[in-house]
Amino acid sequence: MKSVKFLVSLLFTLGIFYGLNTKFGDIPPMGKFLSPNQGFWKNEVTESDVAKETLEISGLKSPVTVHYDESLIPHVFAQNDEDLYRAQGYITAQHRLWQLEFQTFASGGRLSEIVGEAAIEYDRGQRRKGMGFGADNALKEMMKHPEEVKLLEAYRDGINAYIESLSVGEIPVEYKILDYKPEPWTTKKTALLLMYMTDMLAGRDVDLENTNFVKLFGQETFDLLFPNFYADQDPVIPQERDWSSFDLETVEKPDVDFPSDFIKETMDKPNPHNGSNNWAIAPSKSVSGNPILANDPHLQLNLPSIWYVMQLTTPEKNTFGATLPGAMGIIIGFNQNIAWGVTNATRDVKDWYKIEFQDENRKAYKYDNEWKATTEVIEEIKVRGKSTVYDTVTYTHYGPVTYDHTHKGNGEKVGYAMKWTGHLPNNNQQTFLDLNKAKNYDEYAAALKHFTAPAQNFVFASREGDIALWIQGELANKWPEQGKFLMDGSDSRYEWQSFIPQHQNAYVKNPERGFVSSANQHPTDEKYPYYVYDDGYETYRNRVINNFFRSKEKFDIQDFKDLQANNFNLKAAELIPTMLDNMDRSSLTANEEQMLSTIEDWDFNNNIDAEGASIWEKWWDNLYRMTWDELYNLDVAINRPSDYQTIWLLKNQPNHPWFDRKETPEIETAKDLYFQSFRDAVQDLTVWQSRTGKSLKWVDYKGTFVGHLLQALPAFSRFNLPIGGNSGIVNATSENHGPSWRMIVELGNEPNALGIYPGGQSGNPGSKFYDNMIDRWAAGEYIPLFFMKSADQASDRIIFSQNLSPAK
């Protein structure tokens with residue numbers, strides 16, 4: 001009997017031991033997670049968030065001094081570039097290791113290794129987009145430059161030095177929750193990180209959706225609803241810009257017809273609101289007589305933040321700004337002489353080609369009446385807790401066949417291949433290394449020549465007084481409508497014939513109006529001689545910004561702060577008067593009358609207390625869906641018209657057949673839709689209030705939050721932030737998207753710079769520096785950026801110093 005009790009006790013103990021040390025689904029091994037020696041308790045942090053004052057790092061040539069200010073921003077002073085970027089790698093990993101690695105797993109299609117079979121389709125999609133293919137091509141180009149290779153390897157070794165220094169208990173808490181460990185960093189991971197950003201900012205192609213639309217509704221309707229240029233436009237490059245000096249290399253449109261396939265499903269696209277604002281004013285428009293520059297990139301709001309702020313200094317350069325964890329140098333920032341920033345240029349850089357295979361084996365495809373050999377890449381997708389998944393991706397000379405009979409395709413002998421400038425050999429990293437040390441306009445312009453994709457609007461200002469804006473990228477020189485629809489991959493006439501010469505990309509230097517700006521709108525007006533197309537041009541923020549700088553003669557830093565926090569809703573202002581003029585009030589209920597009065601009294605500013613903003617948002621959502629009811633619940637992928645063109649049609653053709661709702665026997669006009677969508681909005685908002693118990697104030701209805709990269713971790717997120725704005729507004733803060741880094745720089749004898757982002761420098765949720773800037777960001781406040789001139793500069797802003805020395 002004692003033997004039986006002992007056996008039962010032993011089995012029970014072994015069962016507990018197994019259970020505490022085994023991961024079940026999303027639940028981490030609780031024994032490891034709760035262990036006092038290696039569990040999450042070890043992720044409590046010291047006041048400084050920096051483990052040791054003195055560290056030995058293998059590979060350093062000379063000592064490196066790092067001062068941390070009160071925001072935990074590191075100010076790094078090295079004697080040479082190799083030591084600088086080795087230190088940058090180490091310090092970045094010290095605060096953002098899990099994020100650093102997780103983003104490259106996401107980029108390369110490796111999330112299944114961490115989270116299991118739930119990520120298989122995502123990983124297949126990343127590999128079928130050729131993310132690894134593009135990273136390999138970029139890395140090959142970078143490897144042609146020995147000096148850059150040394151820096152890449154130094155950055156890599158710095159990250160790995162930190163990884164190697166970690167005990168099990170010191171590993172970031174996300175590794176413990178997901179029960180895995182960091183692996184060594186590689187130079188390819190830096191390339192994958194840059195590809196991740198390239199895809200995020202250039203992945204909203206709609207060629208296949210446009211093809212479906214034309215087949216369903218005809219070319220004439222498509223041209224009406226998706227024009228190349230909008231009626232109201234205020235392009236990036238001022239309309240008075242003269243292009244006559246360009247020696248054009250345009251291409252003629254061949255006599256071809258686009259394929260008319262139906263594509264039922266397309267892959268998920270990046271957030272359509274990924275974009276940014278930037279602007280700069282010349283000394284002539286500045287109160288101080290100094291040029292001022294601002295930038296605020298609009299991305300998903302995450303913790304840890306996409307940005308990590310640093311000062312990077314050697315005897316040859318001193319630069320400050322936002323870095324991307326995983327890439328070298330400052331991405332958006334300034335030095336003693338210049339400042340620069342970027343916005344998404346919103347350019348169609350990804351085209352699709354219909355591939356006709358010779359047979360089911362897909363070993364060859366038709367090209368100019370011959371059969372051209374394909375290349376097959378077998379992707380090995382390791383899946384946590386499951387068998388490895390193998391996916392064969394076929395490559396053509398265009399690029400990967402993303403859609404085929406195994407992945408959202410239409411037939412075994414047909415596929416759709418992607419041609420993307422993101423796959424071209426490139427050295428985007430060099431652009432930022434060169435900008436970090438640039439001293440003037442010529443050096444800024446030279447740095448941009450390395451940049452291939454995604455297309456970006458690089459704004460510039462210098463202490464010398466120059467301002468400029470280049471729309472930079474390696475951009476295909478297309479014939480009209482090339483790339484707007486699916487193209488025939490068997491016909492060489494659909495090929496990209498050349499690229500726009502880099503010096504003929506659209507740009508402007510020192511315009512007469514005294515300012516430059518971009519907000520993802522159309523780059524130029526119709527006079528620019530090259531064909532330019534994208535479906536997603538912004539139509540409201542840009543006009544508010546440009547009108548602001550036309551509103552008076554002189555501006556200062558406070559004006560720049562006010563503009564970045566501007567909540568004016570131009571879209572609402574352009575439609576609501578028409579809606580109100582067409583409202584029949586005779587049958588409105590008391591509740592409906594009250595909400596309509598609230599709209600009438602609203603000043604079109606999406607401030608946190610504005611109830612009108614909430615009513616408008618729901619009214620507009622309902623109106624848009626009613627207008628395009630024919631374009632919902634289709635069995636094919638489709639693209640719907642922009643808000644701008646919808647409003648243009650409502651105001652200019654209110655009796656257009658598109659306003660007739662198919663579900664009703666009556667024939668509706670725009671006036672009918674205004675009324676019914678308003679009534680539905682009132683009902684929806686009343687139900688929402690009853691369900692949530694919240695007010696109709698915009699802050700409550702919008703519910704802005706900054707979520708942890710693992711959205712299943714609400715304890716590591718911040719919710720219900722008191723901030724106004726919305727997409728389409730200069731303060732482009734929507735529910736979980738918006739200004740991810742706000743920066744203002746005035747270039748005088750010394751840079752005067754401000755910055756803020758919705759997060760904190762530490763990636764550790766246990767640190768006070770994890771989310772310490774969020775409340776100030778939401779309130780529209782800034783942190784003065786402490787631009788140190790030397791390592792021995794005394795200041796009470798320094799809270800901790802760290803000395804990195806060569807390992808003995």
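A: Let's start with a term we'll need: a salt bridge here is a side-chain nitrogen of Lys or Arg within 4 Å of a carboxyl oxygen of Asp or Glu. Two bits of housekeeping next. This is a predicted model, so local features need pLDDT of at least 70 and side-chain atom pairs count only at pLDDT 80 or more, while totals for chains, interfaces and linings use all residues. Residues are numbered from 1 along each chain as its sequence is written, and side-chain values use heavy atoms, with hydrogens and water left out.

The part to look at is an open sheet of four strands, in the order 16-17-11-20, with mixed pairing. Its edges are strand 16 (401–403) and strand 20 (487–488), each of which pairs on one side only. Strands and helices are DSSP runs numbered from the N terminus (E, at least two residues, for strands; H or I, at least four, for helices), and two strands pair if DSSP finds at least two bridges between them.

Now go to strand 11 (residues 350–356) and strand 17 (residues 414–420): seven bridges join them in the antiparallel sense. To find your way along that pairing, look for Asp 351, which stands opposite Lys 419 in strand 17. Trp 352 has Met 418 of strand 17 as its bridge partner. On to strand 16, which pairs with strand 17 over two bridges, also in the antiparallel sense. There, Val 401 has Ala 417 of strand 17 as its bridge partner.

How much of strand 17 is covered? Six of its seven residues are buried, where buried means under 20% relative accessible area, exposed means over 50%, and partly exposed is in between (1.4 Å probe, protein chains only). Helix 9 (residues 187–202) packs on this sheet and touches both strand 11 and strand 17; contact means heavy atoms within 4.5 Å. The direction of helix 9 makes about 105° with that of strand 17. For that angle, axes are lines fitted to C-alpha atoms, for helices over the stretch in contact, and angles run from 0 to 180 degrees between N-to-C directions.

Follow the chain into the loop between strand 16 and strand 17 and you reach Lys 408. Lys 408 forms a salt bridge with Glu 265, with the closest N and O atoms 2.9 Å apart. Glu 265 lies in the loop between helix 11 (219–225) and strand 4, so this pair ties together parts that are 143 residues apart in sequence. Is Lys 408 buried, exposed or partly exposed? Lys 408 is partly exposed, at 27% relative accessible area. Glu 265 is partly exposed too, at 43%. By the salt-bridge rule, the count comes to 46.

Arg 776 and Glu 781 form a salt bridge with their closest N and O atoms 3.3 Å apart. There's also a network in which salt bridges that share partners join Glu 121, Arg 124, Arg 128, Arg 362, Asp 391 and Asp 404.

Strand 4 (residues 275–281), at the end of the Glu 265 loop, pairs with strand 22 in the antiparallel sense over four bridges. Ala 280 sits opposite Val 516 of strand 22. Strand 22 (residues 515–518) has both faces covered: Phe 515 and Ser 517 on one side are buried, and so are Val 516 and Ser 518 on the other. In general, side chains of a regular strand alternate between the two faces of the sheet.

Leaving aside neighbours within four places in sequence, Thr 314 is in contact with Ala 78, Asn 80, Asp 81 and Leu 84.
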